[in-house]
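Morning, everyone. Please look at the sequence and the structure on the screen, and then we'll walk through them together.

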Amino acid sequence: MQSTILKTATNYLLPLLLLFSVFILLRGHYESGGGFVGGLVASIAFVLHSFAYGLERTQKLLKYPPKSFIPVGLLLSFMSGVLPMFGGKAYMTGVWSSEPLPVIGLVGSALFFDIGVFIVVIGVTLTILFTISESIDQ
Amino acid sequence: MILAVLSGFLAALILAFSGKLFRGRLSVLLGLLPLSIFNYFLYFFPDISAGKVITFSYRWIPSLGINLDFRLDGLSMLFVMLITGIGALIYFYAASYLEGHKFLDRFYAYLSLFMGSMLGLVLADNTLLIFIFWELTSISSFFLIGFNNDNAESRKSALMALAITGCGGFFLLASFVLMGIATQTYSIGQMLAAPGFLKEQPAYELVLFFLFVGSFSKSAQFPFHFWLPGAMKAPTPVSAYLHSATMVKAGIYLLARFSPLLGDHLLWTNTLMITGGFTMLYAAAHSVFKKDLKSILAYSTISALGMLVFLIGIGTRYAIVAAAAFILVHALYKAGLFLITGIIDHEAGTRNIDKLGGLRKWFPLVALAGLLAALSSAGVPLTFGFIGKDLIYEATLHTQDFFRYTLTPLALITNILLLYAGFSTGIRPFAGSIPENLSKGPLHPSLSPLLWIPPLILGGLSIFFGLLPYVPDQLLVSHAASSIYGSYIFLPLKIWHGFNLTLLLSAVTIVAGAALYFLYRPATASAATQYWLQWFSPQHLTEWTGEKTRLFAYHYTKMLQNGYLRSYILTITVFLIGLIGYRFFSTVDLRVNTSGFTEIRFFEFVVFAITVIATITTVFTNSRLTAIVSMSIIGLSICLIYVYYGAPDLAMTQFTIDTLTVVLFVLVLYRLPQYLINSNRKMKLRDGLVAFSFGTLISLITLQALISPANKEISRFYADNAYLLAKGKNVVNVILVDFRGADTMVETMVLTIAALGVYSLLKLNVKPTDKD
């Protein structure tokens with residue numbers, strides 16, 4: 001599949017979609033959205049890129065194999081739950097910063113949990129899709 | 001204390017990582033582990049001698065009532081000394097016996113694991129803890145028995161031992177749970193505070209039954225005895241350790257431990273006397289027909305275990321002291337005989353008693369050790385075995401009239417046969433002249449001291465304890481007996497009891513046994529004559545059941561797990577229809593209430609029409625691609641419905657998932673050939689019927705759910721508290737990341753597992769020859 005229109009469109013769409021996915025991730029606490037949907041949107045962005053430019057280019061773009069995203073995300077989610085335990089609270093107690101950060105707003109441990117989910121979802125989706133499409137190409 | 005108990009596990013862990021260090025000569029150093037534990041426990045002797053009970057407690061799972069509670073009393077002390085003392089000898093012995101073995105480090109890891117489990121078992125004060133350690137001994141002994149894993153026989157016997165002792169473990173757990181329910185505690189110490197309580201409970205019979213099955217399976221009592229001779233496939237040091245002092249004595253330990261709680265009851269006494277009595281005679285008789293040294297030892301071990309069960313069953317003061325003494329006597333001489341057999345096997349290359357003889361000329365010191373062990377097993381005066389045998393006769397003679405005349409001859413015959421077994425293994429290979437097949441001399445002419453010193457120590461101890469019986473009595477036996485009996489027993493061990501009936505019985509044992517030894521040799525073909533009886537033997541029945549279960553599982557799996565996605569979906573759907581349908585139609589009063597419905601709006605009608613058209617297209621199209629696209633149209637229509645009815649989160653997720661699913665489908669199906677007709681009319685009809693019924697069922701449930709009163713309390717809680725507790729305004733998201741965060745965590749793990757599954761299925765290129 002070599003289409004100039006798709007390639008050109010992807011050049012603009014990929015960063016837009018990735019930004020959008022982060023936006024969805026961050027707004028999740030107040031409005032519709034969250035780590036899961038955000039992760040899916042980001043995955044779609046990369047899938048689109050792989051359609052336009054081929055799998056190898058996308059993999060190069062990602063730098064690391066998608067399966068290596070999974071443990072990172074899992075660890076982040078897990079650690080966000082462990083964090084309150086240092087303060088003597090139970091696992092996964094919500095902890096919040098006292099001052100809101102600019103642009104992002106109030107930051108809490110749930111945010112890092114959601115970011116972890118976001119990364120795991122990207123890793124899982126791309127691992128499954130890329131593995132299948134690779135094995136078909138062979 | 002906890003370090004002493006768990007050091008075996010630690011050692012196994014360290015060996016797993018740094019095993020290479022200990023594969024060579026350094027392996028001797030590992031013997032320091034049991035030796036130091038042995039020394040550690042020596043410090044407790046003064047307290048134990050003063051009749052104290054030492055307890056240690058470490059918090060573990062307090063919410064389940066399981067803590068690492070340890071309790072050291074006389075009985076535990078006896079076993080700890082055997083486990084670590086004989087353990088140390090085995091460690092040193094194995095360093096030379098298995099020298100240069102490829103997996104020597106692994107062997108020591110298993111051995112340490114096993115030793116740690118045994119220590120935990122005899123020290124645990126909590127019944128559930130006992131169960132955990134009990135299962136650990138089963139598993140670690142499985143590794144040890146199957147250590148020669150390139151041998152099919154060896155693997156089979158390891159599996160058999162695990163199956164029998166592992167099943168026994170479940171019975172044991174049942175017994176412990178029943179005890180726990182009845183007494184409201186899992187602590188043995190607390191149960192011992194009210195010893196008569198359990199005997200009056202209605203569950204007593206069941207507790208007893210389960211406990212017996214558990215201990216009999218471990219201690220190789222009839223009809224569970226057959227795993228023990230099979231376990232002789234293990235390397236000889238393992239057999240020596242498992243069958244003289246540890247594994248098989250675990251069942252005995254358990255019976256002894258619960259004797260003050262459950263004993264002194266007709267059911268307890270009779271069951272143990274009959275089972276133990278039968279086992280000891282049956283196994284002793286078997287040992288006489290065997291020619292393999294290890295088989296003889298195996299059956300004589302079963303017989304000795306039967307003797308112990310029998311003595312605990314009698315339960316009088318004499319019998320309990322006899323049992324405590326006999327545990328020690330047997331451990332000393334049996335471990336010695338096993339080790340000697342190992343040396344013979346190692347040097348002569350055979351264990352057949354017909355092909356052995358005159359080995360005293362090769363190894364005079366080993367011959368001496370063999371002689372000492374055989375004399376102790378025979379109960380010749382001035383050995384520790386003599387004292388043990390005396391006590392056994394004292395025990396049977398001190399029973400009531402009827403038992404006195406039946407049990408005494410039973411013990412007499414068993415002892416005569418055991419004497420024969422001891423002589424056959426300890427003396428026969430060393431007596432006479434060297435046969436022709438051995439004329440070339442030993443396989444390893446320079447015998448390592450690591451091999452011959454351990455049996456000599458054991459033999460020496462048998463004599464030492466026999467000459468000075470108050471030493472073992474004061475240190476071990478009297479306190480162990482008191483723990484088993486439940487109150488203090490004063491019955492000192494003596495060399496000389498004067499001229500009485502006991503002495504006469506001992507003399508008869510020795511004379512008759514010696515006569516049997518000199519006059520009888522096992523014939524070659526006595527086993528095949530009773531071939532047809534083999535079918536009913538417990539071993540054959542177990543194997544038969546195992547094989548049939550395997551076959552059943554094979555066919556069952558082949559039918560249900562045939563690898564076709566379509567049949568999985570069919571099975572799941574039909575099962576759901578049956579299950580939900582039955583429940584639905586049998587319990588719910590079907591009503592459809594249309595009064596609450598609103599008018600159908602225009603855009604709703606449009607979405608509905610699109611969905612129907614897309615469904616019909618999906619079902620009847622001839623192109624795969626069209627089918628996929630129409631499927632995704634259905635999904636997107638559902639997204640629209642979510643949006644209309646106020647579930648934007650759901651709609652977003654559904655939308656992205658739908659997109660990715662289509663991509664996935666296209667990736668796979670784009671490469672497949674054109675649409676093929678691969679289902680006939682009948683199959684289409686069947687699938688249609690199933691789909692139609694499932695759809696109808698779901699619709700009915702949905703309609704029913706509309707009129708069922710919903711419990712709004714939970715959703716109100718989340719709505720009210722989302723902002724207050726979790727500072728979030730999107731309730732769905734707050735539930736996902738905060739209230740039910742642990743669920744989400746596990747769900748991400750499920751996703752991970754799915755991804756790993758796909759990845760390994762497609763990336764793992766198994767060559768056809770490697771499959772299996």
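What pattern does chain A follow, read along the sequence? The answer is α-α-α-α-α. That is five helices and zero strands.

The scores are ipTM 0.88 and pTM 0.70. For chain B, the mean pLDDT is 83, and 95% of the residues reach 70 or more. Within chain B, confidence is lowest in helix α28, residues 713–726, where the mean is 75. It is highest in helix α6 of chain B, residues 127–145, at 90. Keep the general rule in mind: where pLDDT is low, the predicted coordinates should not be read in detail.

Back to chain A. The chain has 138 residues, and 41% of them are buried. Now take the contacts in chain A with a separation of 6 or more. Of those, 67% join residues 24 or more positions apart.

Next, helix α6 of chain B. It has 19 residues. From the first C-alpha to the last, α6(B) reaches 26 Å. That is close to the 27 Å expected at 1.5 Å a residue. Why do we call α6(B) largely enclosed by the rest of the structure? Because 15 of its 19 residues are buried.

Now the cores. As a general point, in soluble globular proteins nonpolar side chains tend to be buried together. Here, the largest nonpolar core has 194 residues. Those with the most contacts inside it include B:Leu78, B:Leu308, B:Leu311 and B:Ala324. Which helix gives the most to this core? Helix α15 of chain B, residues 317–348, with 23 residues. Let's zoom in on B:Ala324. Setting aside neighbours within four places in sequence, B:Ala324 is in contact with B:Leu78, B:Val477, B:Ala480, B:Ala481 and B:Ile484.

Last stop: where the two chains meet. On this interface, 36 residues of chain B are in contact with 41 residues of chain A. Three helices of chain B, α26 (648–669), α29 (731–739) and α30 (741–763), each supply at least two residues of the side that touches chain A. The largest share of that side, 14 residues, comes from α30(B).

Note on methods. Residues numbered from 1 in each chain as written. Chains lettered and ligands numbered in written order. Predicted model: local features only at pLDDT ≥ 70, side-chain atom pairs only at ≥ 80, totals over all residues. pLDDT = per-residue confidence, 0-100. Helix = DSSP H or I, 4+ residues; strand = E, 2+ residues; numbered from the N terminus. Buried ≥ 20, exposed ≤ 12 C-beta atoms within 10 Å, placed from the backbone. Contact = placed C-beta atoms within 7 Å. Expected span 1.5 Å × (residues − 1). Core = buried A, V, L, I, M, F, W, Y, C linked by C-beta atoms within 7 Å.
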